[in-house]
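I opened this notebook to record what I looked up in one structure. The entries follow the order in which I consulted the model.

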Amino acid sequence: MQMSSTAQQSRPGKLAPIPSIHHAAYRCRDAEQTRWFYEDVLGMPLVAAIINEKPAGRTEEIPYLHLFFGLGDGNTIAFFDEPEGATAEQFERIGGFDRHVAFLVDTEEELVAWQKRIQAAGVSCHGPIDHGIVKSIYMYDPNGLQTEICIRAPGYGSAMAQEQKVAVDNIRKWDARTRATKERKFGREALARRTAQPSQKQKKS
Ligand SMILES: [Fe+2]
C-alpha cells in the first residue's frame, strides 16, 4: 500500500512498518467470567494468567491478575483483573464509537458458524452487517467491551487501495466540516497538542 504524505513524514528512518498487534488489553470484572467468554465461547485458549503484586514502575502494591487469550496468529487479547481499583460503572456497555475490538476470520461460512455458536451460548449476537469492505457480527463481552468478528469482503485489497488514495483528502474535508464543533468543545490548544491530555484525576490528587 502507498503511504499517505502524513505517514511518510512520520515514518521513522529505516525502521520497517510495525507488522502486527501483539496484544490489546482491557480491564475485566472477573477473570473466570472473562475466561468463559473468550475461551469457551470464542475458542481462544487461555495462554497465561499471571499474578502480579505491583504494576511495573510503581512502588505501591496493587495486586492484579493479567490474563492472555491466544489468537490463531500467535498474538493475544489481554485483560487485567484488579478488583481494588474497579468500579461497577467500568463494566457498563461501551458504545462501539468509543471502543471495540474486531477479530478476523477467513470465510462467510465461519462467520455464520461463529454467530450460531455465540448465540447458542446465550450471548446476543447481531449481524452479519455488510460494511462494504468487511462483513461483521457484533456482541458484548461480560465486561461491556463490544467485540466484533469480521471477514474481508471480496475485493478488499483493491477497495482499501482506493480508500487510501482519498484518505488524507477526506481528513481535510472532515476537518473543515467539524473543526468549529471540536474547537468549541475542546479548544484549539487541545486540538493542536501532540501529547496526551494530562489526567484530571492525577491533577486533583
Ligand atoms: Fe469495527
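This is a predicted model: local features need pLDDT of at least 70, side-chain atom pairs count only at pLDDT 80 or more; totals for chains, interfaces and linings use all residues.

Residues are numbered from 1 along each chain as its sequence is written.

Entry on domains. I looked up the domain assignment, whose bounds come from an automatic or database source, and found domain 1 (20–91) and domain 2 (94–178). Their C-alpha centres lie 23 Å apart. The contact takes 11 residues from domain 1 and 9 residues from domain 2, with contact set at C-beta atoms, placed from the backbone, within 7 Å. On the domain 1 side, strand 1 (23–27) and helix 2 each give two or more residues. Helix 2 gives the most, with 4 residues. Helices (H or I, at least four residues) and strands (E, at least two) are DSSP runs, numbered from the N terminus.

Entry on helix 2. I asked which residues of helix 2 (residues 31–41) are buried. They are Thr-34, Arg-35, Phe-37, Tyr-38 and Val-41; buried requires 20 or more other C-beta atoms within 10 Å, exposed 12 or fewer, and partly exposed lies in between, with C-beta atoms placed from the backbone. These buried residues pack against strand 2 (46–52), strand 3 (64–70), strand 4 (76–81) and helix 3 (108–120). Just after helix 2, I found Gly-43 with a positive phi of about 70°.

Entry on Glu-163. I located Glu-163 in helix 4 (residues 156–186). Glu-163 is partly exposed, because 13 other C-beta atoms lie within 10 Å.

Technical notes: Two residues are in contact if their C-beta atoms, placed from the backbone, lie within 7 Å.
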